[in-house]
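Student: I'd like to go through this structure with you, starting with how the chains meet. Could you take it step by step?

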Amino acid sequence: MKIIQNNGVPIYQQIASEFQDQIMNGKLQPGTYLPSIRSLAKDLKISVITTKKAYEVLEAEGLVSSVPGKGFYINATDTEMMREQHQRKVEDALSEAIHAANVAGMTKQDLIETLTTLLDLEDEGREQ
Amino acid sequence: MEMKQAVYGLNIQKKYGKFRLDVPDLKIPQGYATALIGENGAGKTTLMNILSGVRMDYYGSVRFFEEAEVQGRGAEKNLKDKNIYTNTEDKLRDRIGYTAPNDYFLSNWTIAQVMEASELLFDNFSRERFEEIVEKLNIPTDSKVKNGKKIADLSDGNRMKLEIACVLARDTDLLLMDEPASPLDPLMRDTLCDIIRDYLEAGQGRRTVFFSTHNISDMENVTDYAIIMEDGTIIEEGFVEDLKEKYIMVRADAEDRNAVKPYMLGAHESNYGIEGLMKRENIDVAESIDAVIQIPTLSEIAVSLMKQYTGLKF
């Protein structure tokens with residue numbers, strides 16, 4: 001896991017996103033426990049409260065549950081919920097792209113064309 | 001968030017000369033590292049000495065681990081009785097490790113004598129563990145001198161490392177460290193942070209660390225809870241992640257200074273602009289003038305608040 005200090009994204013958010021990805025792509029299996037907050041803090045060289053907050057974010061999203069005295073384990077995956085979360089990520093990324101396009105003075109048509117081109121490139125890449 | 005307190009101080013008061021320490025309610029959460037931050041003379045060492053039992057001439061009480069209560073003895077004249085510690089306090093001693101800010105051991109002692117004294121003082125002191133940590137921290141134990149190097153020959157940094165080795169050689173539930181980072185070099189400060197994280201991890205929520213520091217940036221990534229003091233009182237405290245949500249750091253152009261200044265804490269002004277800490281609840285003010293808004297570091301929070309409340313006029 002890579003933690004970047006002072007890049008604008010709070011460290012707890014970086015950790016939460018990393019675990020989110022690992023849960024969604026199946027690297028972390030339902031039923032298994034996340035490392036304890038204090039051992040993760042030790043490994044990442046960050047404070048305990050930061051790892052705790054990251055886990056609380058995951059808990060609020062329903063991805064993990066906490067058992068007092070035992071830690072946080074990964075919930076059985078709810079595909080519908082996961083799809084929604086992925087969708088939200090896409091929306092966030094696209095909103096950011098729209099914002100950047102506005103700054104750059106791109107028109108709606110420019111933006112759609114750019115997206116189409118990128119999708120085509122992706123397809124070509126897959127075919128090869 | 002329901003939280004156990006490793007230390008709970010009630011109405012702690014101490015007066016000497018013009019200075020007055022007044023802490024009605026002190027809470028140090030169990031299982032975490034808490035930093036005590038404040039200007040020189042804010043009362044950090046006085047508070048640390050009260051918690052560690054170095055001084056008993058204070059008013060109020062301190063409850064440890066939600067079970068053992070220590071009462072201040074009031075004014076200094078009450079300390080004439082030589083045996084000032086009660087049985088409860090003697091038992092507590094084994095569960096607490098304390099490191100002092102400067103010359104703690106007698107300067108003509110050798111490291112071997114420090115070890116012998118620690119063995120006499122604490123039932124849970126492990127000689128093997130001590131020797132292992134002295135070795136690991138690379139504390140010079142020159143064997144040319146009989147029984148090893150004298151304390152007087154050690155640098156400030158090595159003396160602090162020796163104090164750290166002494167407390168880590170015991171299985172404790174609470175570390176009270178007065179300015180542990182100050183005499184240490186940057187690499188050893190980083191190691192100190194690792195040591196604190198290791199200590200907390202091995203305790204699995206049972207162990208607590210309370211340290212005072214001026215080196216906020218160096219210690220930020222090991223600080224869970226922060227207590228900021230100014231002139232004998234606590235001016236702000238909280239879990240660092242909560243404080244970072246409570247405040248924002250705002251930087252604005254010079255022409256907007258009048259709009260933001262009334263909301264700023266510890267504002268710094270120059271010909272080019274103004275920057276300072278603001279409560280997040282006032283974020284609208286900063287957004288309306290298109291100021292740069294950032295999540296503050298613990299150091300920025302502490303320095304801004306200290307600046308807001310200080311008597312320093314510079």
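Tutor: The contact takes 13 residues from chain A and 15 residues from chain B, where two residues are in contact if their C-beta atoms, placed from the backbone, lie within 7 Å. This is a predicted model, in which local features need pLDDT of at least 70 and side-chain atom pairs count only at pLDDT 80 or more, while totals for chains, interfaces and linings use all residues. Residues are numbered from 1 along each chain as its sequence is written, and chains are lettered from A in the order in which they are written.

Student: Which elements give two or more residues to the side of chain A that touches chain B?

Tutor: Those are α2 (37–44) and α3 (48–60) of chain A; helices are DSSP runs of H or I with at least four residues, strands are runs of E with at least two, and both are numbered from the N terminus.

Student: OK, switching to chain B. Which residues have the most contacts inside the largest nonpolar core?

Tutor: They are A165(B), L176(B), I196(B), A226(B), I228(B), V250(B) and A302(B), in a core of 109 residues. A nonpolar core here is a set of buried Ala, Val, Leu, Ile, Met, Phe, Trp, Tyr and Cys residues joined through C-beta atoms within 7 Å, and a residue is buried if 20 or more other C-beta atoms lie within 10 Å of its own, exposed if 12 or fewer, and partly exposed in between.

Student: And what is A226(B) in contact with?

Tutor: Leaving aside neighbours within four places in sequence, the contacts of A226(B) include A35(B), I37(B), L298(B) and A302(B).

Student: Last one: which residues are buried in helix α3 of chain B?

Tutor: In α3(B), residues 111–121, I111(B), V114(B) and M115(B) are buried. They lie on the same side of α3(B) because they cover an arc of only 100 degrees around the axis, taken from the directions from the helix axis to the C-beta atoms. The buried residues of α3(B) pack against α4 (127–136) and α5 (156–168) of chain B.
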